[in-house]
Amino acid sequence: MITVHHLNNSRSQRVLWLLEELGLDYEIVRYQRDPDMFAPPELKAIHPLGKSPVITDNGLTIAETGAIVDYILDTYGQGRLVPADPKTRLQMRYWLHYAEGSAMPLLLLKLITSQLPAKVPGLIRPIARQIAKGLEAKMVTPGLKTHLAFWEASLKDTGWFAGHALSAADIMMSFPVEAAVSRAGAGQSAILQDFVARIHARDAYQRALSRGGPYDYA
C-alpha cells in the first residue's frame, strides 16, 4: 500500500487528492511544521532532503511531487487523469513540470519578499524593506503578471489546463493557482477563481482535505 509522508499545509495535499481521484487505498504518516514553518527533522529519516511530499511503495521511496504523480499514474492510473490524445497528453506533461519548475519559484519569491522586512533585526529593517520593494518591482510583479496571463489563456477555452476534463495537470497546478489567488494578486481573476472553486467542489478534493487535515494555502 502507498504511504504518503504528509506535512501539514504543504504540497503533499495534491498527492492525497490524486489518490482520492483514482480511488486508491493509501495510508498517511503525518508530520507537523515547526514554529518557523520548516519540516521536522524526522522527515530526513525517509528522504535525505527532509522535504514533503514523499511516498513509499513496494520498497521504493519517491520524492518530488511531479515524480510522485508520474509514478502513481504509471503504476496505478490505468489511463485515468491522462488525456488520450498524444498532443494533449504532452501538454499535460508540460504542466506537471511547469508547476514546480516555473510557477512555484516565483510564488516563493513573492512570499519571501513580503515577509523579509519582518524577519530581520529592526536596525536593518528599512534596508530590507527597500531590497524587498526592489525585487517586487523588477522581478516578482512583472513575472507574476506574465504567468497569470498565461494561466488564464490556458484555462479560457475549456476550464482545464490540458484538454476538456480534469487531468493530472490540474492537480499539479492547483497549489500554484490557489496560492496566487490567495496572496499573489490573482484574486481578481474570474477565470482563476472559477478554477479554484471547481476543484474545491470535487468530492475527491474534499475527501483528501478531510484526510490530510487543515490546509492553509493563504
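**Note on strands, loops and a helix pair**

1. Asn58 sits in the loop that links strand 3 to strand 4, the latter spanning residues 60-63. The model is a predicted one. Asn58 has a positive phi of about 50°, although it is not a glycine. With a relative accessible area of 62%, Asn58 is exposed, because the cut-off for that word is over 50%.

2. The two strands on either side of Asn58 belong together. Strand 3 and strand 4 form a hairpin, with two residues between them. Asn58, with its positive phi, is in the turn of this hairpin. The pairing of strand 3 with strand 4 is antiparallel and has four bridges. One place to look is Ile55, whose bridge partner in strand 4 is Ile62.

3. Which strand does strand 1 pair with, and in what sense? Strand 1, residues 2-7, is joined to strand 3 by three bridges, and the two run antiparallel. Here Val4 stands opposite Ile55 of strand 3.

4. Glu64 is in the loop between strand 4 and helix 2, which covers residues 65-77. Its phi is near 75°, a positive value in a residue other than glycine.

5. Ser52 and Pro53 are joined by a cis peptide bond, with omega about 10°. Pro53 has its place in the loop between strand 2 (26-31) and strand 3 (54-57).

6. How are helix 5 and helix 6 arranged, and how far apart are their axes? Helix 5 (residues 168-183) packs against helix 6 (residues 190-200) at an angle of about 125°, and the axes are 10 Å apart. Angles over 145 degrees would count as roughly antiparallel and 65 to 115 as roughly perpendicular, so helix 5 and helix 6 are oblique to each other. Their crossing is left-handed.

7. Which residues make the contact between these two helices? Helix 5 contributes Asp170, Ser174, Val177, Glu178 and Val181. From helix 6 come Leu192, Gln193, Phe195, Val196, Ile199 and His200. Sorted by class, the contact of helix 5 with helix 6 holds six nonpolar, three polar and two charged residues.

Terms used. Residues numbered from 1 in each chain as written. Predicted model: local features only at pLDDT ≥ 70, side-chain atom pairs only at ≥ 80, totals over all residues. Heavy atoms only, no water. Axes fitted to C-alpha atoms, helices over the stretch in contact; angles between N-to-C directions. Parallel < 35°, antiparallel > 145°, perpendicular 65-115°, else oblique. Left-handed = near helix turned anticlockwise from the far one by under 90°. Contact = heavy atoms within 4.5 Å. Nonpolar A, V, L, I, M, F, W, Y, C, P; charged D, E, K, R; others polar. Buried < 20%, exposed > 50% of the residue type's maximum accessible area, 1.4 Å probe, protein only. Pairing = 2+ DSSP bridges.
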